[in-house]
Amino acid sequence: MATPQHPVAIQTTNRRQFLKDSSTLAGSALAIGLPLARSVHAAGNDVIKVGLIGCGGRGSGAAVNAMNAGSDIQLVAMADIFADKVKSSRERLKKIKPDQVAVDDDRCFVGFDGYRQVIDSGIDVVIIACASHFHPAYLKTAVDAGKHIFCEKPHSLDAPGVKRVLATCEEAEKKGLSVVSGLCNRFHPVVRETMKRVKDGAIGEIVTIQETYAVGPYHAIGRNPEWTEFEWQMRNWYHFNWLAGDQCLQQLIHSIDKGAWAMDDEPPVKAWGIGGRAACFGPMYGDLFDHQAIVYEYANGVRMFGLCRNQIGAYQELTDKIYGTKGIAHLLKGRIEGENEWSYTGPQGNMYDVEHQELFAAIRAGKPVNNGVYMARSTMLALLGQFVCHTGKELTWDQAINSQYSVELDRYDWNIEPPLKSNEKGEYEIAVPGITKFV
């Protein structure tokens, strides 16, 4: 891959073993007893205490979604590596939920250890919605501490991290802890009902899946001369592979997760892809591609096409089309064309609220929900897409899950140099298909 490697020792895992491990986790899901309820209503009251890690727009939004799940939910602790983000987020959230935000000054944590302080602050549930780079480590720390978790996608930026996430979710299963993924379309009422009909045979046998996520790029932050290179990359993290992954992991993952769902989360055999940068130039766009197209090939002959573009002023489309022998399903539109014509007419709902409603309902009932299997597989699916676009090679699922590419650093503090350095023009090296090596 294009970014510097920080190899870590990993166990050799093939596709069959990954499926076996995932199936074990799935088979045990919801079969645990009820120790889950032990941490709820701490100190003998009826309040479910929530801590937020990552106080940007997505983290603040997730906190509101969590509090929307019940008046018994309080936000009591917050952390971000930047003090200004904690301050502005708390002020914003207090205006939105004045009766549910109870974050005192001594529960506002700043810096690279802030996540630990939130987890150790007496909370019941933690929301992990920070830079994606940190998700595997923070997830493990939360499970080790016995916390229920909502974790944003993607759940890792490398294959070793995916394996750690899967193991962490298995440990959460054993402890009776709930883990809910930010792959929100699985909670979308329209998508759920449409997918149910697909699985019931409304379009016959699936032949092809087209997943399209063509939108503008994430907001890019200009460089402040007072910031170090490391601080600027941390503030502009959506545009660096070592902090966010590319748009396969940030955006297309939502779409191909739906395709994976249609395929019963069975991984593909192999994939190949096309990608590069054609329109978004300049240091603020870091080292990301601005377009990718991936062909995933499954053992039963089905092909899934994942199309992603992030360019300003270009045509935009966000659609899912599943082509079958009897018709076509449009997931987001809630429509089936063909022999079994159908359109969704039920309640729309808010998938961002629904994922938290189901998390907190599980906590209250003492019946844990665990999304570990598909959150690991869909993250790996997105990584496979990134790998084939960056290298220009066809890669198998086995090769991808045994990749030793790692974004993990030895330590995290403000005195380190980022693993990616700019050239004399302030620009960053990007992957070159056909030249960039698969690790």
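**A helix and the spaces around it**

A: Let us begin with helix 12, keeping in mind that the model is predicted: 20 of the 20 residues of helix 12 are buried, so this helix is largely enclosed by the rest of the structure.

Q: How many residues does helix 12 have, and what span does it reach from its first C-alpha to its last?

A: The idea is to set the span of a helix beside the one expected from its number of residues. Helix 12 has 20 residues and reaches 28 Å between its first and last C-alpha, which is close to the 28 Å expected at 1.5 Å a residue. Just after helix 12 comes G392, which takes a positive phi of about 75°.

Q: How do I find where empty space is left?

A: Rolling a probe the size of a water molecule over the atoms shows where empty space is left.

Q: Which residues line the largest cavity, and how do they divide by class?

A: A lining can be read first by its residues and then by their classes. Among the residues that line the largest cavity are P217, H239, R277, Y285 and D290, and its lining divides into 5 nonpolar, 3 polar and 2 charged residues.

Q: Which helix gives the most to the lining of the second largest cavity?

A: Here we return to the helix with which we began, for helix 12, residues 372-391, gives the most to that lining, with 3 residues. The residues that line the second largest cavity include R377, S378 and L381, together with others such as D265, E266 and W397. By class, the lining of the second largest cavity has 6 nonpolar, 1 polar and 3 charged residues.

Q: What volume lies in the largest pocket, and which residues are the closest to its centre?

A: The largest pocket holds about 810 Å³ of space, and of the 47 residues that line this pocket, R58, A129, C130, W237 and Y238 are the closest to its centre. Several elements give two or more residues to the lining of the largest pocket, among them helix 2 (57-67), strand 2 (73-80) and helix 11 (351-365), but helix 10 gives the most, with 4 residues.

Conventions. Residues are numbered from 1 along each chain as its sequence is written. This is a predicted model: local features need pLDDT of at least 70, side-chain atom pairs count only at pLDDT 80 or more; totals for chains, interfaces and linings use all residues. Side-chain values use heavy atoms; hydrogens and water are left out. On a 1 Å grid over the protein atoms alone, a cavity is a set of points where a 1.4 Å probe fits but cannot get out, and a pocket is an open set with protein on both sides within 12 Å along at least five of seven lines; lining residues have an atom within 4 Å of a point. Ala, Val, Leu, Ile, Met, Phe, Trp, Tyr, Cys and Pro count as nonpolar, Asp, Glu, Lys and Arg as charged, and the others, Gly among them, as polar. Grid points are joined across faces, edges and corners, and a volume is the space filled by probe spheres set on the points. The expected span of a helix is 1.5 Å times one less than its number of residues. Buried means under 20% relative accessible area, exposed over 50%, partly exposed in between (1.4 Å probe, protein chains only).
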